Amino acid sequence: MINRRMNALRDSLYTLLLATMLLFSRPLLASDLLMVRTTQGFPEAMLALQNSIREHGYNITRVQRIDVGLTGMGYKTDKYRVVFVGKPKEIQYLVNKYPVLAAYMPPKISIFAENGETVLVTANPLVYAEMIDDDKDKILFRRWESDVYSVFDDIREAEDK
Amino acid sequence: MRKLLFFCCLLFSMAVSAAPHGDRLYASHCSACHGVDGTGGVGVPLALPSFLNNVPDEYLKKTIRHGRPGRIMPSFDTLSDAQLAAIVKYIRSWSDRPAPKENTARIEGDKEHGKALFAERCVQCHGQDGRGGKGTGVTFSRKRDLPIIAPALNNAGFLQAATDSMIHSTISNGREGTPMVSMLKAGLSKKDINDIVAYIRSFEESAAKLQQSLEASGEEPPTIVADSPYSLEETIENLKQAITDQNFTLIRTDYLEHGLVEPGKENRKQVILHFCNFGFLFEALAIDPRVGMFLPCRVTVIEKDGKVQLSTINPKRLSKLFNNHELDEACEEMYEVYSTLLEDATL
């Protein structure tokens, strides 16, 4: 009995520790959109993005070449891709438990050329957290948010390499 | 256990007591729009001497805090005062001159005369009623021969942040490095400029009404959903037909788990249809290229427990994420398209 209580207390403290780390590992800003601009050209930024996504343990499920589609239809455009990202078990869990998320999964990151530089933008994963009720599952989106910031940091740091 | 508790407390106290780094905060939250070195892009160029020498720190702080409702610049209302001050200090480091003191004295003027002068001298860039230039300022939406999109002077965020004195000074001196010229040099008197300031200040009433209507607009559901009376296969065929009927091009049909699991092992009861109207896409990207993250258009069809359900994102809900009024109309149109598709596929 005592062991069980100790284990429960330990689990609670680990959760508190994780929540504290996630809470304070970033400035307390709640932007609906997360964006980053890099002075790298589009191909270098795209490569840095793909590498960082994989290093963070996520699959790239597809890259949608928006610019190719537009150009093919006669519209003039610069480089524009949409990268679909997710971890299999997390996406399966969320879609099965919360049908409302099916229309949004897997999440996407837009990457486009901007006047010789490159801009990346994605919805803050906390936007999805607002669509569900279970607080325990909301922490998953807090971790995704932290990972997006980390991926964007990697892209910024790749400028110096 | 005690070590863990101690570690938690230590981490908490370190996080709370650490002084915010303006450069890092700027890089994380401002540089994407305003440029890594403040030269602008989506947002106005902040590093211009003619800008920094004219705006007091309070203007920058209020702008960051309240943003520009409907004009892309979000409100960073969860930023602490210390973080906000750190960002402003960092922006200020691009100028070798001290920040001007804020002067909150009201300027009296003849707003009717100001209106006439505004129509003559300002409307071309700042638009009718001071609604500002169009577009986000990025590659898709404008030519690169202008360094700035004219700000919306009738925006509640602008009117809250800018003092009469600051507006007067900007009109008088212009803003070197942008198309904004000195109206004193262009022949206006200080009295004329007072009148224009009085006219711009009169936008406050309509700005407040617009903000109230924005705040009053109800929360939209996250998705548009329809239950299908047909089998999964029949529903997908109906949907393909509906997509074509709406003049969209079907790009591909995927399993939701495509790329997540080995090919052939996907859940075949979860299907996504991707489609596009390239003309509409081009127009949407011209309004705001950030919308790409919800593109291409898609409908998700899922069969669960013998029931088939279709769902799409709700563009009206998502339009709020972008804080861009210009997108609202396109999102309204897309909402109608999605609703029609779902209705047609399940009739």
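Student: Where is Asn247(B) placed?

Tutor: This is a predicted model: local features need pLDDT of at least 70, side-chain atom pairs count only at pLDDT 80 or more, and totals for chains, interfaces and linings use all residues. Residues are numbered from 1 along each chain as its sequence is written, while chains are lettered from A and ligands numbered from 1 in the order in which they are written. Helices (H or I, at least four residues) and strands (E, at least two) are DSSP runs numbered from the N terminus. On that numbering, Asn247(B) sits in the loop between helix 13 (232-245) and strand 2 (249-255) of chain B.

Student: Is Asn247(B) buried or exposed?

Tutor: Count the other C-beta atoms, placed from the backbone, within 10 Å of the residue's own: 20 or more means buried, 12 or fewer exposed, and in between partly exposed. Asn247(B) has 10 such neighbours, so Asn247(B) is exposed.

Student: What is the phi of Asn247(B)?

Tutor: Most residues other than glycine have a negative phi. Asn247(B) is not a glycine, yet its phi is positive, near 65 degrees.

Student: And Ile72(B), buried or exposed?

Tutor: Ile72(B) lies in the loop between helix 5 (57-66) and helix 6 (81-92) of chain B. Its phi is also positive, about 80 degrees. With 23 other C-beta atoms within 10 Å, Ile72(B) is buried.

Student: Which residue does a cis peptide bond join to Leu295(B)?

Tutor: Most peptide bonds are trans. Here omega is about -5 degrees.

Student: What is omega for the cis bond between Met105(A) and Pro106(A)?

Tutor: Pro106(A) is in the loop between helix 4 (88-97) and strand 4 (108-114) of chain A. The bond from Met105(A) has an omega of about -10 degrees.

Student: Which residues of chain B does Arg62(A) touch?

Tutor: Arg62(A) is in strand 2 (residues 59-65) of chain A. It is partly exposed, with 17 other C-beta atoms within 10 Å. Contact means C-beta atoms, placed from the backbone, within 7 Å. Leaving out residues up to four places away in sequence, Arg62(A) touches Phe84(A) and, in chain B, His258(B) and Gly259(B).

Student: Which element gives the largest share of the side of chain B that touches chain A?

Tutor: In total, 53 residues of chain B are in contact with 58 residues of chain A. Elements giving two or more residues to the chain B side include helix 2 (22-29) and strand 5 (307-313). The largest share, six residues, comes from helix 1 of chain B.

Methods. Two residues are in contact if their C-beta atoms, placed from the backbone, lie within 7 Å.
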